[in-house]
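Here's a quick briefing on pockets and ring contacts. Have the sequence and the model open while you read.

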Amino acid sequence: ASIRCPANLAFDIYRQTCDWKTNVKNCDKLEKPRKVLPLLRTDEPICPEQKLACGNGECIDKELFCNETPDCKDGSDENACDVESDPNRAPECDPAQCLRPECMCSADGTRIPGELEVAQTPQMITITFNGAVNTDNIDLYDDIFTSSRINPNGCPIRGTFFVSHKYTNYSAVQELHRRGNEIAVFSITHKDNPDYWSQGSHEDWLSEMAGGRLIIEKFANITDNSIIGVRAPYLRVGGNKQFEMMAEQVFIYDASITAPLSRVPHWPYTLHFLMPHKCNGNGGNCPSRSHPIWEMVMNELDRRDDPKFDETLPGCHAIDS
């Protein structure tokens with residue numbers, strides 16, 4: 001079936017969407033190039049133990065698959081590297097080896113910490129914002145975080161602000177931190193090309209996030225080493241490269257991955273083991289390997305006006321979505 005875009009728009013074959021013609025650079029292509037896939041699932045073994053077959057039948061060491069360097073002559077060892085296909089992906093959750101507070105996992109991500117019953121579990125809501133902090137929104141934050149809004153224990157509510165550099169007023173960031181809010185990183189440039197984030201190199205993530213933290217610490221005068229969280233622009237997770245950088249730079253958690261809409265929400269988990277849900281959106285580049293990083297997973301919201309009305313609507317991961 002052919003796809004027809006509205007006037008002045010063209011179809012981007014890689015992003016599978018219509019966009020302004022000036023933004024589409026592949027109008028001359030009629031189909032996406034087909035990648036050769038390795039022979040990972042066969043009725044009979046093709047290769048000896050600890051080796052796997054390339055698409056052309058060549059056998060190479062298993063550890064060479066998905067290492068960002070083509071080792072098969074046909075390059076197929078780098079063409080099946082998502083969470084479900086990576087031959088060297090993290091193992092599935094083993095509760096006997098994953099002990100809090102350093103590690104948290106469960107088979108489907110819904111196990112409540114402490115083995116509490118649902119009726120005994122308090123409702124916990126995290127309030128987060130991402131982007132620049134300036135005169136366009138600081139009055140809104142003042143209206144939300146007032147002394148009249150308190151938690152059941154009597155403490156005032158607080159939020160987490162994932163700060164991007166462009167247009168940010170760092171005096172306002174310093175004041176948010178002084179009031180007890182958490183400050184985290186949302187990048188320096190906030191480039192508007194989603195592929196820059198999902199396909200970014202280790203150096204890209206290092207400069208954007210570790211560099212962003214240095215800028216916030218200097219200009220907002222935050223000296224208590226409390227900036228430990230990251231959120232990817234457009235929630236376009238950078239795969240293993242992002243999380244390798246985070247571990248190297250001692251970031252503690254990421255808050256970019258969304259879980260599909262489900263009846264039971266997912267709890268935060270660590271990435272020592274395989275993600276407990278599908279890679280939902282995020283450019284399809286969720287981390288497949290093991291990383292000592294917490295994921296503050298974003299549970300999608302049910303957009304139905306009446307939850308009892310059975311209509312097929314996807315969830316949304318942010319209130320402004």
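What volume does the largest pocket have? It comes to about 2000 Å³, where a volume is the space filled by probe spheres set on grid points joined across faces, edges and corners. Bear in mind that this is a predicted model, in which local features need pLDDT of at least 70 and side-chain atom pairs count only at pLDDT 80 or more, while totals for chains, interfaces and linings use all residues. Residues are numbered from 1 along each chain as its sequence is written, and side-chain values use heavy atoms, with hydrogens and water left out.

**Overall picture**

- The protein has five helices and 13 strands; these are DSSP runs numbered from the N terminus (helices H or I, at least four residues; strands E, at least two).
- Along the principal axes, the C-alpha atoms fill a box of roughly 65 × 55 × 50 Å.
- Of the 321 residues, 38% are buried, meaning under 20% relative accessible area with a 1.4 Å probe and protein chains only (exposed is over 50%, partly exposed in between).

**The largest pocket**

- A pocket here is an open set of points on a 1 Å grid over the protein atoms alone, where a 1.4 Å probe fits, with protein on both sides within 12 Å along at least five of seven lines; lining residues have an atom within 4 Å of a point.
- Its lining runs to 48 residues, and Met124, Ile125, Thr126, Ile127 and Asn299 are the ones nearest the centre.
- By class, the lining of the largest pocket splits into 27 nonpolar, 14 polar and seven charged residues (nonpolar: Ala, Val, Leu, Ile, Met, Phe, Trp, Tyr, Cys and Pro; charged: Asp, Glu, Lys and Arg; polar: the others, Gly among them).

**The second largest pocket**

- This one has a volume of about 1000 Å³ and 30 lining residues, with Lys35, Glu78, Cys81, Gln199 and Asn285 nearest the centre.
- The lining of the second largest pocket holds six nonpolar, twelve polar and twelve charged residues.
- Domain 2 (34–89) and domain 3 (118–299) each supply at least three of its lining residues, with bounds taken from an automatic or database domain assignment.

**Rings and charges**

- There are nine aromatic pairs in the structure: rings of Phe, Tyr and Trp (its six-membered ring) pair if their centres lie within 6.5 Å, and planes under 30 degrees apart count as stacked, over 60 as edge-to-face and the rest as tilted.
- Phe162 and Tyr253 make an edge-to-face pair, 6.5 Å centre to centre with 80° between the planes.
- Phe162 lies in β6 and Tyr253 in β9 (residues 253–254), so the pair ties together parts 91 residues apart in sequence.
- Phe162 is buried at 2% relative accessible area, and Tyr253 is buried at 11%.
- Trp197 and Trp205 are also edge-to-face, at 5.7 Å and 65°; Trp197 is buried at 0% relative accessibility, and Trp205 is buried at 1%.
- Phe129, Tyr141, Phe145 and Phe161 are linked by ring pairs into a cluster.
- The charged end of Arg213 sits over the ring of Phe251, 3.9 Å from its centre (the cut-offs are NZ of Lys or CZ of Arg within 6 Å of the ring centre and within 35 degrees of the ring normal).
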